[in-house]
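Please consult the sequence and the three-dimensional model shown below while reading.

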Amino acid sequence: MSNNAVAGVVLNYLEENPGELETVGPLVLAAMGGPRPVTDRTTMPGHVTCGAVAVTADWRVLHIHHRRLARWLLPGGHVEATDQSLFGTALRQLAEETGIAANTVIPDTARPVDIDAYVVPADPGRDETSHIHYDIRFVLHVPDKVVRLRSEEISDHRWMLLQEIPGTLGDKLRIRSARSGWARVPR
């Protein structure tokens, strides 16, 4: 996947979310001017990851507990050399981590709903310095709440209520939920 392809996705995202330039601007600059692929996990000080915002019909959002980071995250992870697109990476990661097959989900849209930038702490065991993950996230509607954890990195999962999702991602999902006819979110 080329840096130009990543830059195109991010620039399209910024057209709809111009207030997020400060967050994702460094990624655009790295993609347009950097010699290293921004999808390569060794590219520092940051690189692209992809997340799956898996939602049920009643707009509960799947989170997984990451062992090493000791925190709840969306399913997702690094781009592999064989991945053909960022959207495809999110689908692959969802299947690998949760057992939810790509052919059972319905994408909300092929465009990302959110791009988050967060610091990953150094990991001397992996010879990794602290770095930034630019997590490009896609909404995927899942048929049910059946999850079969398939990764040693994940210790648990939970389905969070829409009102529990913080930040800009939560705001964006609540707007989408209201547009889809789920004006009243179950408790």
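**A tryptophan and its surroundings**

Not counting residues up to four places away in sequence, Trp159 touches Ala54, Thr56, Arg60, Val61, Leu62, Val142, Asp144, Lys145 and Val147; contact here means heavy atoms within 4.5 Å. The model is predicted, and for that reason local features need pLDDT of at least 70 and side-chain atom pairs count only at pLDDT 80 or more, while totals for chains, interfaces and linings use all residues. Residues are numbered from 1 along each chain as its sequence is written, and side-chain values use heavy atoms, with hydrogens and water left out.

Trp159 has its place in strand β8. Strands (E, at least two residues) and helices (H or I, at least four) are DSSP runs, numbered from the N terminus. With a relative accessibility of 16%, Trp159 counts as buried. The terms of exposure are set as follows: buried means under 20% relative accessible area, exposed means over 50%, and partly exposed lies in between, with a 1.4 Å probe and protein chains only. The side chain of Trp159 also reaches the backbone oxygen of Lys145 at 3.4 Å. Such a polar contact is a pair of N or O atoms within 3.5 Å; within protein, one must be able to donate a hydrogen and the other to accept it, and residues adjacent in sequence count only if both atoms are side-chain atoms. Trp159 and Val53 are 106 residues apart in sequence, yet their C-alpha atoms are 11 Å apart in space.

Strand β8, which covers residues 154-160, also holds Met160. Is Met160 buried or exposed? At 10% relative accessibility, Met160 counts as buried. Leaving aside neighbours within four places in sequence, Met160 is in contact with Trp59, Arg60, Val61, His63 and Ile165. For Met160 and Arg60, 100 residues apart along the chain, the C-alpha atoms are separated by 5.3 Å.

**Loops and their backbone**

Trp59, one of the contacts of Met160, is found in the loop between β1 and β2 (61-66). Trp59 is buried, with a relative accessible area of 3%. Although Trp59 is not a glycine, it has a positive phi of about 60 degrees. Asp127 likewise has a positive phi of about 60 degrees without being a glycine. Asp127 lies in the loop between β6 (114-120) and β7 (131-141), and at 72% relative accessibility Asp127 counts as exposed.

The peptide bond from Met44 to Pro45 is cis, with omega near 20 degrees.

**Further strand residues**

Strand β2 contains His66, which is buried at 11% relative accessibility. Which residues does His66 contact, leaving aside its neighbours within four places in sequence? They are Arg71, Leu73 and Glu153.

In strand β6 the reader will find Ala117. Ala117 is partly exposed, with a relative accessible area of 28%. Apart from neighbours within four places in sequence, Ala117 is in contact with Thr23, Ile132, His133 and Tyr134. The C-alpha atoms of Ala117 and Thr49 are separated by 9.7 Å, the two residues being 68 residues apart along the chain.

**Helices**

Helix α1 (residues 3-16) packs with helix α2 (residues 21-33) at an angle of about 155 degrees, and their axes are 9 Å apart. This makes α1 roughly antiparallel to α2. Axes are lines fitted to C-alpha atoms, for helices over the stretch in contact, and angles run from 0 to 180 degrees between N-to-C directions; those under 35 degrees count as roughly parallel, over 145 as roughly antiparallel, 65 to 115 as roughly perpendicular and the rest as oblique.

On the α1 side, the contact is made by Asn3, Ala7, Val10, Leu11 and Leu14, and on the α2 side by Leu21, Val24, Leu27, Val28, Ala30, Ala31 and Met32. By class, this contact has 11 nonpolar, 1 polar and no charged residues. Here Ala, Val, Leu, Ile, Met, Phe, Trp, Tyr, Cys and Pro count as nonpolar, Asp, Glu, Lys and Arg as charged, and the others, Gly among them, as polar.

Gly167 is found in helix α4 (residues 167-179). At 45% relative accessibility, Gly167 counts as partly exposed.
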